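Welcome! Let's take a friendly look at a protein model, step by step.

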Amino acid sequence: MKKVAVIGSGTMGNGIAHVFAQNGFPVALVDISEEALQKALGTISKNLDRIIAKGHLTEEQKEHTLKNIHTYTNMEEGVREADLVVEAATENVDLKLKIFKDLSAFTKPEAILASNTSSISITKIASVTNRPDKVIGMHFMNPVPVMKLVEIIRGYSTSDEVTSQIMDISLQLGKVPTECNDYPGFVANRILMPMINEAIYSLYEGVAGVEEIDTIMKLGMAHPMGPLQLADFIGLDVCLSILNVLHDGFGNPKYAPCPLLVNMVQAGHKGVKSGQGFYSWTHGTKELVVADRFKKRHFVQ
């Protein structure tokens, strides 16, 4: 496996492109927006500078990494020669199905098609392709260059050979691949999202405030980040989407998203990406500042 294409140049896409390129793979980074692609290259460059500052990379290695990345706004052109395509587009079922249907037509028959989806069925995604045995989930964690885990999700038809290849390539990236089967939320989000949802319910029901909930989970459970802060980093819209997938997939009311989460997303308060969530992020992400709405313990719903 030599050439890799990454679909989507957002936070996850540019991180995935970064780790492949840094490990010697030629990468085609594909996005419909040239502006987004240039922003992604800037982000990758800054992240490489951070690694250099820590003494883990040289300027020459940075230059080589950036030279490994080529950008495309035309998906057919970008994926034509790829041996592996990793889709990292928005967590939207219809969009992903459209992308994989196109990838099925645009790529070599032997190319492996992977999705970075955090919750959407790999089996469903594979069903729109002409090679369901070669479709697999590669769920990287954010920030991709730092986090070691890659959750490898086998669809109903994913072959042993493809699974083995993806496990091997993940190891080449310095990651720890961990295999699971294709059920709603897989493992990471099936466990994480109900915890985040329960934290939001605790706030919604006036059990405690934002800072108190996060402090209890950080100091009491040794979590590096409280669940409400983590939800802001993930994106409240993404959390809502995943909870809806879990709720629809299992039909169990315990996965129903908290009404407060629904209202916040509808109001455009999506966390770090929008500047407002449970915390205010307009000043940056170094200091935690509880959003004005939640500064009082008993806020108005």
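The report below goes from the whole chain to its annotated regions and then to two residues.

## About the model

This is a predicted model, in which local features need pLDDT of at least 70, side-chain atom pairs count only at pLDDT 80 or more, and totals for chains, interfaces and linings use all residues. Residues are numbered from 1 along each chain as its sequence is written, and side-chain values use heavy atoms, with hydrogens and water left out.

## The whole chain

The protein chain holds 12 helices and eight strands. Here helices (H or I, at least four residues) and strands (E, at least two) are DSSP runs, numbered from the N terminus. Along its principal axes, the C-alpha trace spans about 55 × 45 × 35 Å.

Of the 301 residues, 48% are buried; buried means under 20% relative accessible area, exposed over 50%, and partly exposed in between (1.4 Å probe, protein chains only).

## Two annotated regions

The UniProt record (unreviewed entry) places "domain: 3-hydroxyacyl-CoA dehydrogenase NAD binding" at residues 3-182. In this stretch the chain is 43% helix and 21% strand, and its end C-alpha atoms are 26 Å apart.

In the UniProt record (unreviewed entry), "domain: 3-hydroxyacyl-CoA dehydrogenase C-terminal" covers residues 185-281. Residues 185-281 are 62% helix and 0% strand, with 28 Å between the end C-alpha atoms. UniProt positions follow the numbering used here, feature names are shortened, and annotations may be inferred rather than shown by experiment.

## Two residues up close

Is Ile69 buried or exposed? Ile69 counts as buried because its relative accessible area is 8%. Ile69 sits in strand β3 (residues 69-72). Beyond its neighbours within four places in sequence, Ile69 has contacts (heavy atoms within 4.5 Å) with Ala17, Ala21, Val27, Leu29, Leu41 and Ile44. Its C-alpha atom is 9.5 Å from that of Gln22, which is 47 residues away along the chain.

Now find Ser170 in helix α7 (residues 160-172). With a relative accessible area of 0%, Ser170 is buried. Leaving aside neighbours within four places in sequence, Ser170 touches Met138, Val150, Ile152, Lys175 and Pro177. Asn130 is 40 residues from Ser170 in sequence, and their C-alpha atoms are 24 Å apart.
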